[in-house]
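Let's go through some of the labels used for this protein and check each one against its cut-off. Have the picture open while you read.

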Amino acid sequence: MLGFKPVDSSNWKDLEELFEARGGPHYCWCTAWRKVAFKDKPINKADKKNTLKGQAELNQPIGLLCYSDTTPVAWCSVAPRETYKTLRGDETLEQVWSIVCFFIKREFRGQGLNRQLIRAAIQYARANGGHYIEAYPVDTNASSYRFMGVKPVFEELGFRFIHKAGKHRNVMIRKL
């Protein structure tokens with residue numbers, strides 16, 4: 001049985017378990033697109049982890065965990081767009097939430113979990129006052145940024161293409 005929960009101080013340990021497991025994104029701690037201040041010093045894994053942990057401890061939206069029974073198996077970074085660096089989306093819209101990253105444990109890949117994470121992110125954003133949800137997936141044949149998802153999955157779930165952001169990313173939006 002799969003379930004989805006926002007990450008906060010109560011389940012931070014679950015995110016830590018998922019990210020630090022073999023193959024997990026413990027090198028970036030999902031801070032690549034987040035607005036973070038490192039005061040002009042070299043950034044290491046501990047800094048990134050502590051930054052994300054601090055946001056969770058303040059109960060700021062950072063994303064969703066997917067559980068198989070009680071085991072964390074997947075992650076979706078979804079939060080208000082203003083908590084991220086410039087993603088080159090539609091800046092004319094307000095109350096926009098952004099989906100910027102996914103991680104699914106290897107043994108759970110290829111089972112449609114990405115679609116379920118997106119659906120859960122849509123519900124989470126809507127329940128927290130979002131009017132739109134934006135994503136930045138790549139084309140299916142892209143060689144990089146695949147952690148942001150692939151365009152056809154977002155199209156299937158009602159997102160519409162707005163424009164390209166750089167060479168690989170497609171800005172896509174859905175009204176909530």
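Q: Why is Asn11 called buried?
A: Buried means under 20% relative accessible area, exposed over 50% and partly exposed in between, using a 1.4 Å probe and protein chains only. Asn11 has a relative accessible area of 5%, so it counts as buried. Keep in mind that this is a predicted model, where local features need pLDDT of at least 70, side-chain atom pairs count only at pLDDT 80 or more, and totals for chains, interfaces and linings use all residues. Residues are numbered from 1 along each chain as its sequence is written, and side-chain values use heavy atoms, with hydrogens and water left out.

Q: Where is Asn11, and what is it in contact with?
A: Asn11 sits in the loop between E1 and H1 (helices are DSSP runs of H or I with at least four residues, strands are runs of E with at least two, and both are numbered from the N terminus). Leaving aside neighbours within four places in sequence, Asn11 is in contact (heavy atoms within 4.5 Å) with Lys5, Pro6, Leu65 and Tyr67.

Q: What makes Asp8 partly exposed?
A: Asp8 comes out at 25% relative accessibility, so it counts as partly exposed. Asp8 also has its place in the loop between strand E1 (2–6) and H1.

Q: How do you know that the side chains of Asp8 and Ser10 make a polar contact?
A: A polar contact is a pair of N or O atoms within 3.5 Å; within protein, one must be able to donate a hydrogen and the other to accept it, and residues adjacent in sequence count only if both atoms are side-chain atoms. The one joining the side chains of Asp8 and Ser10 is 2.5 Å. Beyond its neighbours within four places in sequence, Asp8 is in contact with Ala56 and Asn59.

Q: Which residues of helix H1 (residues 12–20) are buried?
A: They are Trp12, Leu15, Glu16, Leu18 and Phe19.
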